[in-house]
Each structure stands twice: as structure tokens, then as C-alpha cells.
Amino acid sequence: MSVRTRFAPSPTGYLHVGGARTALFNYLFARKHGGSFVLRVEDTDEARNTQEARDAIFSGMKWLGLEWDEGEGKGGDFGPYNQSERRENYDRWFEVLRAKGRVYEDEGAWRFRFERKPVTMQDLVCGEVTIDYRDESNTPDMVIRRSDGSYVFHFVNVVDDLEMQISHVIRGEDHLMNTPKHLQLFEALGAPAPHYAHIPLILNPNGSKMSKRDLGAAIGDYPKQGFIAEAVVNFIALLGWSPKSEDEIFTLEELVERFSLEAVNRSPARFDPEKCAWVNQQHLLKLAPDAFAEAAKPFVAQAGLPVDGGYPAVAALVREKVRLLSEVPSAIGFLLVDAFDFDPEAVEKVKGNAAAKGLLAALADDFAGLSEWSVDAAKHQIGETAKAAGAKAGQLMFPVRVALSGKSGGPDLGDILGLLGREKCVARLKRFLESL
């Protein structure tokens with residue numbers, strides 16, 4: 001039997017990190033085994049479904065790179081792939097249960113008659129789980145069709161998995177106790193059940209269960225915050241799965257190669273925003289300088305900074321300094337425009353150096369008097385100016401950095417000197433002196 005997995009979101013809200021991880025694990029497993037990944041939409045809740053939520057789910061999955069083989073926009077041999085279009089399918093299988101005497105009416109609704117026996121499942125992550133259905137008070141027969149004629153999740157879920165020939169159901173641990181019910185339904189319908197794998201919950205850093213409103217929950221927020229898709233996929237994969245090595249940074253292709261359900265952890269995963277940002281930084285470092293500049297360009301342009309001319313070279317200077325693309329504008333703004341604010345803490349530190357003002361004034365004159373301008377010549381002059389005043393070059397380096405950039409840290413001072421050139425360096429030294 002070929003491997004077929006599915007992701008079955010409800011279009012009642014945005015794609016959240018838990019759903020994205022479920023989609024990712026199903027995608028990785030299908031790709032690892034040369035199978036198919038199905039996108040099925042559970043859209044029977046007409047009162048809560050929205051087109052906006054539907055679009056957010058599809059765009060979120062596309063941004064992550066989780067392309068599906070069947071479903072929305074792809075077609076397939078097992079459609080339709082929206083539950084709202086599958087009413088005839090559900091009616092047909094309901095009649096199978098009725099013909100077998102496995103359903104009965106109860107105040108207008110229809111209940112599925114459980115077989116009163118222990119049901120044992122072999123979960124691919126959680127191991128062996130048994131539910132004893134002999135105690136009817138603890139496991140009452142479940143409603144599968146409501147009095148208004150609509151079908152409940154348990155029934156349509158099983159029918160869809162059956163008809164779409166899903167081989168493996170990989171879903172959140174919160175569904176674990178539903179699985180014995182589903183196994184009874186498969187048995188009653190005369191069909192083999194898929195293999196089940198229930199993945200651990202995702203917790204907040206404080207140990208509480210992560211909700212859709214918590215920090216980092218909405219996939220749609222990640223690109224706005226300056227994360228790149230490869231990094232988010234990488235981070236989400238590590239929420240409950242271990243590569244069984246010291247490696248932590250992977251491309252999607254490498255995750256496909258390494259992924260296995262055996263390596264999925266049993267214990268809950270903790271969402272760590274700092275770790276997520278660190279993973280993003282590692283992926284930014286892998287980008288070529290031009291690709292990094294291109295990825296950061298929307299953020300730089302949105303900040304009102306110019307992105308023509310020498311922008312790519314300027315952006316490349318901070319590739320190793322930022323964790324998020326959204327940090328790039330503040331990191332390079334001083335190299336693109338002359339009007340910028342000075343960091344108050346950096347200014348106070350300069351003021352604490354009694355000799356700084358005189359040294360900067362002397363350097364402005366010495367820079368202006370250089371016959372040729374180069375990075376080496378400028379750095380040499382800083383040393384000579386300090387030496388002439390009986391100071392060390394190091395005492396002048398920090399004040400120069402603050403004068404030229406407004407910051408206490410950032411790109412190499414030599415790179416700043418080279419990009420700004422003589423005229424701008426002199427002008428900025430004088431501007432800073434006026435502010436002191």
C-alpha cells in the first residue's frame with residue numbers, strides 16, 4: 001500500500017504553528033516514502049467558516065513550501081476535497097451502518113452502536129493504547145448524525161480517510177482518545193484503518209498549552225516579523241522531533257531525508273521565541289549577499305530608506321549582525337541617509353571620555369587634509385591623530401564609530417569609512433561635535 005498522508009484544516013481561523021507542524025510532519029513523511037500529501041478542508045461549520053481564513057491557510061502552506069499533491073487547486077482522483085461537497089458520500093456510508101444495525105435513532109439524532117469490547121491501538125508515537133468499551137456508562141454510544149441531518153467530525157473524518165485511501169494519520173495528541181472510536185467505525189464499515197501517529201502538544205515557554213492567541217502562534221505573522229520560510233520550517237520541525245544528532249539547521253530537503261516517526265518525541269514541545277530567532281539567523285547566514293539584500297529589501301523600503309544604488313553592498317555588511325530581516329533597516333539606515341539619531345547611551349559613553357571631543361575635532365581636520373582617501377589611509381590617520389594627542393588609537397575608535405553611525409556597534413569601522421567616503425565622514429564628525 002502506497003503512503004498517503006493528509007492535512008485537514010478547518011477554515012475558521014488562520015494557520016497556527018500547531019497546524020503548520022501537523023502539515024509539515026505529514027508532508028515530510030509522505031515525501032520521505034515517495035507517497036502523496038493530501039490537503040482536505042473540513043469546512044462543514046458554515047457559521048464559522050470564512051474565505052479569509054481559507055486563503056490564510058493556503059497562503060501559509062505555500063509560504064512554508066508545503067506543496068500538496070491533491071486538493072485545492074490541484075485536483076486528484078479522490079475528490080471532492082472540501083467536506084461541504086461530500087454530503088452524498090456521507091449519506092452512502094451512513095446507509096451501510098444502518099443496514100448493519102450499527103446506528104439507531106435517539107431523539108432525532110443518530111448514534112453509532114459501539115461493540116462492547118476493549119479496543120487496542122498501536123500508535124506509532126505513543127505506543128499501545130487501550131480503551132475498554134465494556135463500560136457503557138464511561139463510553140456511551142456516540143452521535144454521528146445530528147437531529148438537523150448534519151454529520152459529526154468523527155464520522156466524516158473516517159469516511160474521508162477511507163475513501164481517500166489515507167495510509168497514515170499524523171495529528172495532534174489531543175486526538176489520541178478519538179482514535180479508538182474511529183477504529184470501531186472503520187471496522188463497522190468493513191474497511192482497514194490507517195496507521196495513527198499522535199504528535200506531542202506544543203507548550204508556551206512557561207509550560208502552559210499554546211493557544212492561537214499566544215506569541216508565535218500565527219504563521220502569517222512570521223514573514224511580517226522578518227523570518228524566512230526555510231527557518232520557520234526548520235524551527236517547527238524541531239518542536240517534537242529530534243534529528244538524533246547535534247545538527248539543528250536543515251533545509252526542507254534535508255528534513256525529508258532525516259525525518260522519521262520513530263524520532264518524534266513523546267513529551268510535549270516547548271516553544272522558544274529566542275531559539276526561533278536564532279534558527280532564522282543561521283539561515284540568513286547561509287544566504288548569498290545579494291539574496292540577503294533582496295530578502296531584506298521590502299523591510300528597508302517600508303522604513304523609507306533608499307534601496308537603489310549601493311544598497312546591496314550596504315545590506316551585506318549586516319548579514320552576520322541581524323537575526324531578523326526586520327532588524328536590517330535600523331542596522332543600515334545610517335549608511336543610506338545622513339539624518340539619523342544618536343544612541344543616547346553611546347553618546348554618554350563618549351562624553352565620559354574627556355579627550356574625545358578634542359580628538360574628534362582634530363580628526364575631522366586631518367581627514368579633510370588627506371591627499372588620498374582609502375580605508376587603510378583613514379584607519380592609519382585615526383592612529384596618527386590619537387598619537388599626536390598622546391592617546392591610543394583605541395581611545396578614538398569608539399567615538400568615531402558613534403559619530404559616523406550613531407551607534408555603539410554595527411559593521412566593521414573600516415567598512416563604514418570606505419562606504420561613506422571622505423566628505424561624509426568629515427561632515428558627520430562635525431555634526432556629532434555640534435551635538436555634544
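Predicted model: local features only at pLDDT ≥ 70, side-chain atom pairs only at ≥ 80, totals over all residues.

User: How many helices and strands does the chain have, and is it spread out or compact?

Analyst: The secondary structure comes to 17 helices and 11 strands. For 436 residues the globule rule gives 22 Å, while the radius of gyration is 31 Å, well over that value. The C-alpha atoms fill a box of roughly 100 × 40 × 35 Å along the principal axes. Compared with a compact globule, the chain is therefore more spread out.

User: What share of the contacts with a separation of 6 or more is between residues 24 or more positions apart?

Analyst: A contact here means heavy atoms within 4.5 Å. Among the contacts in the chain with a separation of 6 or more, the share made by residues 24 or more positions apart is 73%.

User: What is the strand order in the open sheet of 3 strands?

Analyst: Let's build the sheet pair by pair. Strands β3 (residues 103-106) and β4 (residues 109-112) run antiparallel and are joined by 4 bridges, with Glu105 opposite Trp110. Strand β4 is also joined to β7 by 3 bridges, again antiparallel, and here Arg111 stands opposite Val143. Putting the pairs together gives the order β3-β4-β7.

User: Which are the edge strands?

Analyst: In the order β3-β4-β7, look for the strands that pair on one side only. From one strand to the next, the twist averages 45°. The edge strands are β3 and β7.

User: Which residue in the hairpin of β3 and β4 takes a positive phi?

Analyst: There are 2 residues between the strands of this hairpin. The phi in question is near 55°, and the residue that takes it is Glu107.

User: Is α10 roughly parallel or roughly perpendicular to α12?

Analyst: The axes of α10 and α12 (residues 328-336) come within 10 Å and cross at roughly 90°. Angles of 65 to 115 degrees count as roughly perpendicular. So α10 is, relative to α12, roughly perpendicular.

User: How many residues of the contact of α10 with α12 are nonpolar?

Analyst: On the α10 side we find Phe292, Ala296, Phe299 and Val300, and they meet Val328, Pro329, Ile332 and Leu336 in α12. The contact has no polar and no charged residues, and the number of nonpolar ones is 8.

User: Is Asn178 buried or exposed?

Analyst: Asn178 is found in the loop between β8 (168-172) and α5 (179-188). Leaving aside neighbours within four places in sequence, Asn178 is in contact with Phe153 and His154. Buried means under 20% relative accessible area. Asn178 has 14%, so it counts as buried.

User: And is Gly309 buried or exposed?

Analyst: Gly309 has its place in the loop between α10 (289-302) and α11 (311-316). Exposed means over 50% relative accessible area. With a value of 72%, Gly309 is therefore exposed.

User: Gln165 also sits in a loop, so how does its accessibility count?

Analyst: Gln165 lies between α4 (153-163) and β8, and its phi is near 55°, a positive value in a residue other than glycine. Buried is under 20%, exposed is over 50%, and partly exposed is in between. At 43%, Gln165 therefore counts as partly exposed.

User: What is the relative accessibility of Lys244?

Analyst: Lys244 is in the loop between α7 (229-237) and α8 (252-258). Although Lys244 is not a glycine, its phi is positive, at about 60°. Lys244 counts as exposed because its relative accessibility is 61%.

Note on methods: Residues numbered from 1 in each chain as written. Heavy atoms only, no water. Buried < 20%, exposed > 50% of the residue type's maximum accessible area, 1.4 Å probe, protein only. Axes fitted to C-alpha atoms, helices over the stretch in contact; angles between N-to-C directions. Parallel < 35°, antiparallel > 145°, perpendicular 65-115°, else oblique. Nonpolar A, V, L, I, M, F, W, Y, C, P; charged D, E, K, R; others polar. Pairing = 2+ DSSP bridges. Rg over C-alpha atoms; globule rule 2.2 N^0.38 Å.
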